[in-house]
Amino acid sequence: MNRATPRYSDTLVIGSGLAGLWCALEASRHGTVTVITKKERAESNTNYAQGGIAAVLAPDDDPELHLEDTLKAGAGLCHPDVVSMVVTEGPALVERLLDLGVTFSRAAGGGLDLGREGGHSRRRIVHVQDRTGAAVEAGLLDAVARNPAITVLDHYYAIDLILASRMSRAESPDGEACWGAYVLTPDHTTVIPFEAKATVLATGGAGKVYLYTSNPDIACGDGLAMAYRAGARLSNLEFVQFHPTCLYHPAARRFLITEALRGEGAVLRTLDGEAFMKGHHPQGDLAPRDIVARAIDTEMKNRGHDHVWLDATALGASFLAERFPQITEGCRKLGIDPATQPIPVVPATHYFCGGVRTTMDGASEIPRLYAVGETAHTGLHGANRLASNSLLEALVFAHRAGAHLARWADGPPPPPADEWVPPTSGLPREDVIINHNWEAVRRLMWDYVGVLRSDHRLRAAAPRLSLIREEVDRFYRRFAVDPDLLELRNIALVADVILRLATARKESRGLHANRDHERTDDLHYRRDSVLGRVGDVSWGDTIPDPRATEPLS
Ligand SMILES: Cc1cc2nc3c(=O)[nH]c(=O)nc-3n(C[C@H](O)[C@H](O)[C@H](O)COP(=O)(O)OP(=O)(O)OC[C@H]3O[C@@H](n4cnc5c(N)ncnc54)[C@H](O)[C@@H]3O)c2cc1C
């Protein structure tokens, strides 16, 4: 590795999705901002969001109704004060996206075309056709490009945080604090300390921890792992949302088959052709998303099948081409004609409700470190995310964190960071170990800590994962780093946290279903699970019953 020259800014933002970019724009009001991002700047979960952003904008809607819908979905684990804040502050921020030039779809009369999604009692989803995320991402990147206080650097990979407690040369002016991050350069030859008065983790989710995911390749839980290694605690990562139907095909990555197809009459079948959903829920193929994901997983695991079929042949070629052009075309490109053949599908990880524990201002438990967007656990989603609430959460918390960052602007500059110490071994690296363990972690999580869990499988996963982690950590300490190795180290860590939290929660609630503990146990588990680097899983305070909360003013 080459010697590195530190780079300095007032705020370092890691991640260029909605949360990172919005936070950068706010933070630029009181200082310089560097945004680093590990691939091209638009590559993020945000860029692939289809549905839209939930916000109370219709005359017949009310924040109180959005609050109720969110609490209902969250199955007792939403923090009512956080939900109340988000649904109240969100709409004004959505309007600011309009001011930035994001052209949300309009209805015939000229007003915003508000969509309705499962779990919402009113039409409140602002969207740009079915490519909302890409439009929002493009709008924000434009605004950032026009802002002279913000620098965006593509292909810079954050490895770990710079911590006062680990500095050898300098005293931090205010005790433990995060003063930036160690970052791998695009050519992978140098690790640079990016020094900053405050650092924001906006690294998105962790879909790649599982074998099948709707997330792009960036979603490796890097921010979760960095925060955990630095000593911040994580919460509620056992609540993993699965999209029920992702195309199962070796050449297809992240191809979601919309649930609207089942809405129009498509039927899920086992590989033997048996329509199985009626046996799992009275609504059959129209059961709620989590039930459908669980039913598919159960059928696959019980029968040892790799996927199930989604049979849309009864819908007819012309209807399919007209109503679902993207799916029809996409499948045909892969040699599947949905008008005459069933589509092979599997559930896929979609969203993580848990994350780095933060305050209402996005501050983590480590001074000068923030977490926003999918990386954070704010208390909004509880045990299950209401559709289109995640972009809203990213917006509201990025905004608040951006304002909160002002407090560091006039303070002292960061103390000089130690140089990165490169690994010592000069041995040639055997990449097969990386490839093998990538597959091993993701397959283990899929098979043992997946949609429907059991005590037996959770217990069996623990020693296997521990062996993999030991091997990966040994490898990390000996060989030169590159993104593949760094991501593997992070997915293995996040997998371990998910496993430990899922094992500790001996109940079924929201997205966490354990066949050995089918009941919801409010007495013991109406609490956030909490895990830090030191100690075992612990539990937050009992979450107040939303029925006892004050109505919104
Ligand atoms: C297919 C799909 C559809 C969705 N549809 C919707 C929807 O309709 N409505 C909704 O509300 N939500 C939706 N979601 C969820 C939503 O898109 C995400 O929760 C949200 O975009 C997260 O935003 P974010 O800014 O936190 O993270 P992201 O948008 O994922 O951005 C993370 C950024 O961090 C960078 N990064 C990660 N690790 C590092 C590192 N080590 N170093 C440097 N940079 C790093 C990445 O490159 C990326 O730029 C959808 C998700 C998917 C996958």
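Helix α12 supplies four residues to the lining of the second largest pocket, the largest share. The model is predicted, so that local features require pLDDT of at least 70 and side-chain atom pairs pLDDT 80 or more, while totals for chains, interfaces and linings use all residues. Residues are numbered from 1 along each chain as its sequence is written, and side-chain values use heavy atoms, without hydrogens or water.

The second largest pocket holds about 520 Å³ of space. It is lined by 21 residues, of which L211, Y212, A252, R253 and R442 are the closest to its centre. Two elements give two or more residues to this lining, β10 (240-247) and α12 (431-448). The lining comprises nine nonpolar, three polar and nine charged residues. Here a pocket is an open set of points on a 1 Å grid over the protein atoms alone, where a 1.4 Å probe fits, with protein on both sides within 12 Å along at least five of seven lines; lining residues have an atom within 4 Å of a point. The volume is the space filled by probe spheres set on the points, which are joined across faces, edges and corners. Asp, Glu, Lys and Arg count as charged, Ala, Val, Leu, Ile, Met, Phe, Trp, Tyr, Cys and Pro as nonpolar, and the others, Gly among them, as polar. Helices (H or I, at least four residues) and strands (E, at least two) are DSSP runs, numbered from the N terminus.

| Residue atom | Ligand atom | Distance |
|---|---|---|
| T46, side-chain N or O | oxygen | 2.5 Å |
| A202, polar backbone atom | oxygen | 3.3 Å |
| D222, polar side-chain atom | nitrogen | 2.9 Å |

Helix α3 spans residues 63-73, and H66, L67, D69, T70 and L71 are buried within it. Buried denotes under 20% relative accessible area, exposed over 50%, and partly exposed in between (1.4 Å probe, protein chains only). The cover over these residues includes β3 (53-54), α4 (80-99) and α11 (389-404). At the N-terminal end, D62 caps α3, with a side-chain oxygen 2.8 Å from the backbone nitrogen of E64. After α3 comes A75, with a positive phi near 50°. A75 lies in the loop between α3 and α4 and is partly exposed, at 27% relative accessible area.

R368 also has a positive phi, near 70°. This residue is in the loop between β14 (355-357) and β15 (369-371) and is buried, at 5% relative accessibility. Most residues other than glycine have a negative phi.

D297 belongs to helix α8 (residues 289-303) and is buried, at 2% relative accessible area. Its side chain makes a polar contact with that of K301 at 2.7 Å. D297 also touches P347, V451 and L452, leaving aside residues up to four places away in sequence; contact means heavy atoms within 4.5 Å.

E507 sits in the loop between α14 (483-504) and β18 (513-514), buried with a relative accessible area of 0%. The E507 side chain makes a polar contact with the side chain of R509 (2.8 Å) and reaches the backbone nitrogen of D521 at 2.8 Å. Beyond four places in sequence, E507 touches H512, N514, H517, R519, T520, D521 and Y525.

Note on methods. A polar contact is a pair of N or O atoms within 3.5 Å; within protein, one must be able to donate a hydrogen and the other to accept it, and residues adjacent in sequence count only if both atoms are side-chain atoms.
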